[in-house]
Amino acid sequence: MGKVILQASRVSKCYGKKQVLDKTDISISAGECVVLCGGNGAGKSTLIRILTGIEKGTTGKVAFPEAGGKSYSFMPDHMEFPKEMTALEILTYYRGFLDIGIRRAVEEVLREVGLWEKRHQKIGSFSKGMAQRLNMAQALLADVELYIFDEPTNGLDPYWVIAFKEMVESLKHKGKTVLLTSHIMRDVVDIADRVVVLFDGRIEADDSLAGLYRTYQSSNLEEVFLRIMKKQHSSKAKALSS
Ligand SMILES: Nc1ncnc2c1ncn2[C@@H]1O[C@H](COP(=O)(O)OP(=O)(O)OP(=O)(O)O)[C@@H](O)[C@H]1O
């Protein structure tokens with residue numbers, strides 16, 4: 001296992017009186033692919049936003065021990081691009097904000113996400129999947145140690161889900177680290193070195209796939225997930241009735 005490159009300790013988040021993350025610890029090591037999964041509203045995006053520094057946790061600490069500062073690239077779950085611009089224009093524009101040493105060529109990235117042929121098309125006329133691939137492209141423009149993708153396979157057809165997974169494998173091959181969220185587990189299960197399951201703002205499981213299958217006596221992640229959910233729902237129900 002590589003060195004720890006991202007470490008979050010006892011991160012919690014409240015919106016008003018509502019607690020959506022509870023003393024969460026997570027660490028990501030160099031070279032691994034960690035999949036963060038959980039049902040709707042489990043807190044995945046909130047945790048990701050805190051890890052990336054877009055949002056501040058109510059308590060807790062996030063550190064990048066290896067880097068001289070933050071060294072990651074982020075694909076949010078949704079991005080609104082200016083409709084009148086083309087894919088080529090927007091990526092060229094974004095690239096301008098990156099340090100020279102980490103800039104990748106726009107053409108290379110557009111080819112990776114299959115948008116090179118559409119580079120002169122206005123973004124307003126993009127399909128959902130194309131817009132998602134453009135969102136992915138803006139994250140891939142930077143050559144960094146850690147890539148964080150929030151729901152990257154949302155809106156992608158099966159061809160592009162597979163292409164995305166191949167891209168993650170190739171990033172790992174280059175020694176890069178990947179953290180991604182998904183609620184469609186079958187999309188990403190085969191690229192995960194580790195799976196972190198969030199339920200109701202708490203990490204209920206953090207293990208390799210094999211470890212999870214052993215613990216939950218199951219052979220697929222959906223079943224593991226359902227068992228965790230059922231266990232949590234029944235202990236909540238018990239707590240309420242006692
Ligand atoms: N800005 C906000 N103000 C108030 N509540 C919020 C805010 N952002 C998120 N929440 C709440 O926090 C909880 C966790 O939301 P979050 O978006 O992190 O979940 P998620 O696991 O990413 O879910 P999904 O799979 O549905 O995207 C939800 O109950 C949500 O309603």
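## Strand pairing at β3 and β7

Cysteine 37 has serine 182 of β7 as its bridge partner. Strands β3 (residues 33-37) and β7 (residues 177-182) run parallel and are joined over 5 bridges. Helices (H or I, at least four residues) and strands (E, at least two) are DSSP runs, numbered from the N terminus; strands count as paired if DSSP finds at least two bridges between them.

The model is predicted: local features need pLDDT of at least 70, side-chain atom pairs count only at pLDDT 80 or more, and totals for chains, interfaces and linings use all residues. Residue numbers start from 1 along each chain as its sequence is written.

## The sheet and its helices

The open sheet comprises 6 strands in the order β5-β6-β7-β3-β8-β9, with mixed pairing. Its edge strands, β5 (72-75) and β9 (202-207), each pair on one side only. On average, neighbouring strands are turned by 15° against each other, direction ignored.

Helix α1 (residues 44-51) packs on this sheet, with contacts to β3, β6 (146-150), β7 and β8 (194-199), and its direction makes about 150° with that of β6. Helix α4 (residues 128-140) also packs on the sheet, touching β5 and β6, at about 170° to the direction of β5. Contact requires C-beta atoms, placed from the backbone, to lie within 7 Å; axes are lines fitted to C-alpha atoms, for helices over the stretch in contact, with angles from 0 to 180 degrees between N-to-C directions.

Conventions
Two residues are in contact if their C-beta atoms, placed from the backbone, lie within 7 Å.
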